[in-house]
Amino acid sequence: MYNITLIPGDGIGPEVINSAKKVIEATGINVKWDIVNAGEDVYRQRGVLVPHEVYTSIEKNRVVLKGPITTPIGCGFRSINVLLRKKYELFANVRPVKKMMGVDTPFEDVDLVIFRENTEGLYSGIERNKDNDGAEAIKIITKKASLRIIEAAFKYAKENNRKKVALVHKANIMKLTDGLFLNCAREVSKNYPDIELQEVIVDNMCMQLVMNPSKYEVIVTTNLYGDILSDLCAGLVGGLGLVPGGNIGKEMAVFEAVHGSAPDIAGKDLANPIAVILSGAMMLKYLGEIGKANLIIDAVEKTIKEGKYVTKDLGGSSSTTDMTDAIIENFTLK
Ligand code: ATP
């Protein structure tokens with residue numbers, strides 16, 4: 001039996017997390033969910049953003065499925081998501097972006113994985129006002145953090161038969177910080193002679209991705225570029241409702257969709273649950289349950305391809321609930 005921490009989160013979080021829970025349970029896997037919550041709703045009810053039982057549960061179970069969390073302005077926290085990633089050194093934000101059959105997009109052949117450094121860069125949280133005439137933010141790049149995320153990307157490429165890793169940077173301008181990140185990639189790539197290192201400047205990468213995304217297989221980059229490129233790539237394959245993610249550390253992992261809490265559609269049974277369902281499938285793979293993960297992925301693909309029960313963002317008119325049930329139907333019938 002697996003003990004897993006489940007954090008519903010804010011906005012559409014509880015709806016899509018409930019879908020993912022239902023789908024995971026329908027695979028027949030034996031899971032004991034430890035349901036705890038953090039975020040805006042909890043703050044409103046209890047005056048605390050991350051209650052202590054959230055940390056206790058994460059530290060006990062070490063595997064988490066999480067909905068999007070909103071950090072209210074003025075509560076003393078910058079971002080709970082960033083806090084959790086830093087506190088538990090979840091250094092690799094892994095986001096697979098794959099075009100699925102049945103989704104109407106200009107590109108047929110997008111299948112890439114983004115490795116975003118998750119603990120430093122411009123998310124260092126070091127910002128200050130300067131002489132009442134401006135403000136500054138400090139970008140931190142260390143060799144240790146750069147090497148481990150780049151190594152993770154190359155290792156993934158090797159294990160998954162990918163031939164290229166694109167290192168995205170702006171070392172022509174940020175010579176010390178991005179220069180260090182780039183040099184680390186050159187160092188790591190020496191140990192992977194069969195994998196091509198593509199060095200791509202971030203602005204050029206944006207253009208390349210919207211013109212010819214199939215040129216890329218694995219992308220590794222710093223924190224902010226990774227955040228921006230993730231949303232761009234989500235747009236290439238049908239939007240934020242489809243892209244899953246995992247925040248992976250040495251002995252702990254938090255799985256969550258790329259999308260936020262989408263307050264505009266919250267509570268209406270309209271949200272696309274697939275991003276969180278696929279995050280759940282990533283979690284099952286992490287736990288070694290490859291067969292059950294693939295069962296979910298196949299059922300999601302089949303449901304989208306059939307096009308009968310898809311949500312509004314994919315051009316359909318189904319509710320979150322109906323789409324979830326259709327996904328389960330598609331694998332229980334196998
Ligand atoms: P955050 O700052 O928390 O990342 P955000 O403001 O950037 O959030 P999202 O909350 O991710 O953005 O939503 C951006 C847009 O995408 C919204 O219009 C939202 O309705 C849509 N969207 C996001 N997730 C989904 C989903 N699962 N299903 C359908 N639409 C979604």
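The largest pocket takes lining residues from both domain 1 (1-96 + 240-334) and domain 2 (105-237), so it lies between them; these bounds come from an automatic or database domain assignment. The model is predicted, so local features need pLDDT of at least 70 and side-chain atom pairs count only at pLDDT 80 or more, while totals for chains, interfaces and linings use all residues. Residues are numbered from 1 along each chain as its sequence is written, and side-chain values use heavy atoms, leaving out hydrogens and water.

Let's step inside. The largest pocket holds about 1,100 Å³ of space. Its lining counts 35 residues, and Val-94, Pro-96, Tyr-156, Met-282 and Lys-285 are the closest to its centre. Here a pocket is an open set of points on a 1 Å grid over the protein atoms alone where a 1.4 Å probe fits, with protein on both sides within 12 Å along at least five of seven lines; lining residues have an atom within 4 Å of a point. A volume is the space filled by probe spheres set on the points, which are joined across faces, edges and corners.

Which element gives the largest share of this lining? Helix 5 does, with six residues. Helices (H or I, at least four residues) are DSSP runs numbered from the N terminus.

Now turn to the second largest pocket, with about 540 Å³ of space. Among its 28 lining residues, Ser-79, Val-82, Arg-85, Arg-116 and Tyr-123 are the closest to its centre. Helix 4 (80-87) and helix 8 (223-236) each give two or more residues to this lining, and helix 4 provides the largest share, five residues.
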